[in-house]
Amino acid sequence: MFALVRAPLAVLLIALTLAFGSAALVVMALLDQPWLGIDIRQGGRIVTAVEGPAAALPPGSTLLSLRSPEGGAALVLDDFDTVEEPDTLPDRATMDRVFSHAQTARDLAMGPLLLDYLQPGATQPQRLRLDPAPRRPLGDLPLTLWTQLGVGLVAMLFGGLILGLKRREPAARLVALSGLGMMVSAHAAALYSSRELALPETVFTAASRLNGYGALLFGAAAVWLFLIYPRRLGPRGLGPLLAALILSWGVLVALGLIRDPLLMAPLPIALTILLLTGIIVLQYRASWRDPLARAALRWFSLGFAVSSGAFLLAFCLPVLLRQPLPMPQAHAFLFFLLIYLGMGFSVLRYRLFEVQDWSVRILYYVLAAVLLLAVDALLIYALAVERVAALSLSFFVVTLTYLPLREWLMTRVFGPPRPDPSGLFARVTELALSDPGPVRTARMQGLMRWMFDPMRVEPLAEMPTEPRIDGDGTALCLPALPGVAPLRLVWARQGRALFSPRDLETLRSVLGMAAQSIERRDAFERGIAQERARITRDMHDNIGVQLMGALHAPETARKDALIRRTLSELREIVTDPFMADAPLEALLGDLRAELSGIVAARGLRFDWCCDEAVYDALASKRVAHALRALLRETVNNALRHARADAVVVDLRLRDGALWVRVADDGIGALPEDEGAGNGLSGLRARLEAAGGEFRFGPGPQGRGTVLEAGLPLRTAGSGPGQKEEAA
Amino acid sequence: MKQALIVEDMAETRLWLGDILQAARPDMGQVAVASVAAARHHLRSQGCPDLALVDLGLPDGTGMDVIRLIKASRADAVCIAATVLSDDASVVAALAAGADGYLLKDQPAEALVQQLRQIDMGLAALSPAIARRIIDHFRLTGPMDPGGEALTPRESDVLRRIGRGLRNAEVATDLGIAESTVAGYIKSVYRKLGISSRAEAAWHATRMGLNG
């Protein structure tokens, strides 16, 4: 329960309950008075328009007195009896008389009464008998009542909101306290300034006093507030001291030591407002070098200064100078709405009191609820709609107006929407594809300008690891990315806003995106570099060596063969993009076609036996090259030297190694033939480098030549494969 | 007299290709040009040749463009792609563009003459690498190309065997069919290749790196 009360929403709801309760009390007190149904111009006795019990009263009549038909003393009315604000009365005696007249009028109006009046232009008073209604109808309450109640509500709404969000902040407490003072003052004034003639003396007196106390409380809290917010001015105790001084005036009034109406409220209020204005000017000057405080202060303090100043001019000064008021006090109260407008704007735009975005949502929900109640009440009372129907109707109206309104407000308040994805994607991609260093950093600066429109983008000397908000939202620091120097953005949206946690969130995801894109590009570049390295190595190892061989080969046929082979290897290098192990199927297919072509061209028989498993076996590039060299060399040897009729190639998989057997039925060769210019020694070296082994000798029954070789395969767990290492 | 067109940008190669063509088809008249633009001009002014030997790498485009032009103006003209270092992919692309066959220019002259005669006679020959590439092509484009035709099981059998290095005669023996039937299957595969890849031409060219 305690935790619930501490929740921001709970504090706000308590504040609003207080405000609504107070407003309800005022309205109930007003409705509870007997009603004559006369409409009197404020500060006079001339009836303007009449309805209700006194409908017979001609407009423009001047009221003279009220009396009971049963006799007794008449209540002789004077101009002061309809005064809007008793503080404006010339002296204490008049004030007390006005209070007691209101009580007398109430007592008389409890029954039928006789009303003496003067018709316009007439000299003889006339008398009207009327039966006052026991209660005043709601519809008769003037608009000024509602505006004053509204000012009090708004004051409590903002006070409660700020207090709820920042309970521990002295400034927030003072805002709430000033709101309370404003509400008490406005609601008290609403009560007595909306009376007809009748009001219990005690209520009138109390409300009049409360009006003054509330005003003093508001002033004291505001003075204290601006002595500590945004900066502390003067010594620590100055705020409480001045506040106590202002409040002590109220104590003096309460104790009856100050009795003059002018001195009771208008004078201390005027002095407080002057003091407050001076303090705000000092605050403004003090924040000269602190743009953040200044930005926050601008609208907030402007609201205070303008509204208080206007109240001073429109109410306090005329009263003090005994001049007629330029406007009803109720209207002057509306100036105070400016305070809360300014406060709301600063909270939303400049994180006044460090309030976060979500607080605004609370505000919106409360607004919706208030709107709902208001529409509900309006429908029930003004249109006399049944309760259930009214509720559903108001739901309908609220949904219809509130949701679009909220949407509109949200987008207005939270500034520019998140960057649009397509533009963002294009910019991040450009950034990632640009060259690391100054170019990429410039692209990053461009991206940041596009996203946040900061006043400045400057290099950052330190190396933050995470993006962060600096200087209370005036700056945003970016960590370095590969090829991008760390940056600092100063003043978001050309100084119109601060960097918010939302901006930080957006930035974090954009930086993540950029880092990933850069990483991908780097991986791609590495891939290109590797491929280039492969081509270079293949060119050197195969093409270069073969061409060299062709250059030094003595016979044209050999030259041609070597060049042709070089070309076919060149084709393989261009075609084959793979570094990794590949299945033997492609290599064996090509070799079989090539060799059978050559063998067939010489009119020999060519047999090819190959296990199915061999085609699927994986071989490293080295093994593949060795295999190719082996088959080409041995088949060519058979063709050139053996005088054979047939060549048989046999490929099998055994013990994880590829076993190759090439046999011919020619004149046969001996192991010592190796090294006789037939390329066999080179072949052995190549095979052994690939981890293979090699045997060479006469065929069965001494016929022909048989070459046997074992080549390790990647899948091998035993055999020659153990000698093979990653190529 | 029948006409043959050679499209080849290297002057020396142009000369010996001419010799080979002369040896294979002495009955034909020859014209040689060195670029796509020249080939186009020749087609406009002289009409379509009966046979064309087209190098795939040309200074102002690819041989595929020329093959398409010739096939568009005369479907029964015989187009032969000639290449030396071009990868298998570009040969498959040439076949898809409508080529009736191809020559690898690094082979001995006698072999080239022999191949040229065979193609001209309607005997198709495929290297294992290109057969494998065609299988890949159908495997990749087949499902995403509803307009194209898939390979029949028999065509796949033929291609797979050629991919393993079997010669047409060996394929015929292996499958128990005539060698000319094997050639017929290969021609049918060429045709399907043309159909299947027409819809995918852009994708194909990009994938094979022929656009840049």
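Begin by selecting strands β7, β10, β9 and β8 of chain A, which in that order make up an open sheet of 4 strands with antiparallel pairing. Strands (E, at least two residues) and helices (H or I, at least four residues) are DSSP runs, numbered from the N terminus, and two strands pair if DSSP finds at least two bridges between them. The model is predicted: local features need pLDDT of at least 70, side-chain atom pairs count only at pLDDT 80 or more, and totals for chains, interfaces and linings use all residues. Residues are numbered from 1 along each chain as its sequence is written, chains are lettered from A in the order in which they are written, and side-chain values use heavy atoms, with hydrogens and water left out.

At the edges of this sheet, β7 (456-459) and β8 (468-470) of chain A each pair on one side only. Neighbouring strands are turned by 25 degrees against each other on average, direction ignored; axes are lines fitted to C-alpha atoms, for helices over the stretch in contact, and angles run from 0 to 180 degrees between N-to-C directions.

Zoom in on β7(A) and β10 (residues 487-490) of chain A, an antiparallel pair with 4 bridges. Here Pro459(A) stands opposite Leu487(A) of β10(A).

Contact here means heavy atoms within 4.5 Å.

Move to a further open sheet of chain A, where 4 strands follow the order β4-β3-β5-β6 with antiparallel pairing. Strand β3 (residues 62-67) of chain A is joined to β4(A) by 2 bridges, and the two run antiparallel. Select Ser65(A) to find its bridge partner in β4(A), Val76(A).

Finally, display both chains: 19 residues of chain B are in contact with 19 residues of chain A. The rule finds 4 salt bridges across this interface, each a side-chain nitrogen of Lys or Arg within 4 Å of a carboxyl oxygen of Asp or Glu. One to select is Arg164(B) with Glu585(A), whose closest N and O atoms are 3.0 Å apart. On the side of chain B that touches chain A, helix α6 (residues 128-141) of chain B gives the largest share, 4 residues.
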